[in-house]
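Subject: The structure we talked about

Hello,

Here is the structure I promised to pass on to you. Please open it and keep it beside this email while you read.

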Amino acid sequence: MSFSVDMLRGGAGVVDHQLSRRALINEVKRGRISKDSVCDAHPELIRAARNIGEPSKTLCPICEEVNVALVTYVFGHGLPKNGKCVTDRRDIMKLQRTSHEYAAYVVEACPQCRWHHLLRVLPIVGRGRRRAAQEG
Ligand SMILES: [Zn+2]
């Protein structure tokens, strides 16, 4: 089973990812949801968080032992169906030079307890061809 966007908690249909994250954390703190059911990140996501994740200053809300790492997946034209894990800003800039639109999913993941949640979805609008058209 490989990693896919469907496995990003707080994904489909959620408008305010921060709000859904907070609500979920509250439920865990109140004992209404077990930690096990929220600390179930896919091994590939945890591997990415450990090896290439961007360190954050946010303490993991569940285990409160380590800071979560941020992992960005980009989806769109010509990219793998399961998204491309982006580690370098230059990769994003490359996409901005194309004429396609992409979506970057920023996920926080805890390498310690495997908590994970989608933080935000950012559109990446390729301006390559569009700008050329304006100039012409
Ligand atoms: Zn944790």
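This is a predicted model: local features need pLDDT of at least 70, side-chain atom pairs count only at pLDDT 80 or more; totals for chains, interfaces and linings use all residues.

Now try the cut-off on R97. Because R97 has 11 C-beta neighbours inside 10 Å, R97 counts as exposed. You will find R97 in the loop between α4 (89–96) and β4 (101–109). Which residues does R97 touch, leaving out those up to four places away in sequence? They are G126 and G128. The C-alpha atoms of R97 and G126 are 5.4 Å apart in space, although 29 residues separate the two in sequence.

With that example done, here is the overall plan. The chain contains five helices and five strands. Of the 136 residues in the chain, 26% are buried. If you take the contacts between residues at least 6 apart in sequence, 62% of them join residues at least 24 apart.

Helix α1 covers residues 17–29, which is 13 residues. From first C-alpha to last, α1 reaches 18 Å, close to the 18 Å expected at 1.5 Å a residue. After α1 comes G31, with a positive phi near 80 degrees.

Next, the strands. β4 runs antiparallel to strand β2 (residues 67–76), and eight bridges join the two. In this pairing, V71 stands opposite V107 of β4. β4 is also joined to strand β5 (residues 116–125), again antiparallel, by nine bridges. Here E101 faces V125 in β5, and V106 stands opposite R120 in β5. As you trace the strands, remember a general point: in a regular strand the side chains alternate between the two faces of the sheet.

The hairpin of β4 and β5 has six residues between the strands. In that hairpin, R114 takes a positive phi, near 75 degrees. Q112 is also found in the loop between β4 and β5. Not counting residues up to four places away in sequence, Q112 touches C60, C63, E65 and V66. Q112 and R50 are 62 residues apart along the chain, and their C-alpha atoms are separated by 9.4 Å.

In soluble globular proteins, nonpolar side chains tend to be buried together. The largest nonpolar core here has 25 residues, and those with the most contacts inside it are L45, V71, V107, A109 and C110. The elements giving two or more residues to this core are α3 (43–51), β2, β3 (84–86), β4 and β5. Which element gives the largest share of this core? The answer is β4, with five residues. As for C110, its contacts, not counting residues up to four places away in sequence, are C60, I62, C63, V66, V68 and W115.

Enjoy exploring, and do write back with questions.

Best wishes

How values were computed:
Residues are numbered from 1 along each chain as its sequence is written. Helices (H or I, at least four residues) and strands (E, at least two) are DSSP runs, numbered from the N terminus. A residue is buried if 20 or more other C-beta atoms lie within 10 Å of its own, exposed if 12 or fewer, and partly exposed in between; C-beta atoms are placed from the backbone. Two residues are in contact if their C-beta atoms, placed from the backbone, lie within 7 Å. The expected span of a helix is 1.5 Å times one less than its number of residues. Two strands pair if DSSP finds at least two bridges between them. A nonpolar core is a set of buried Ala, Val, Leu, Ile, Met, Phe, Trp, Tyr and Cys residues joined through C-beta atoms within 7 Å.
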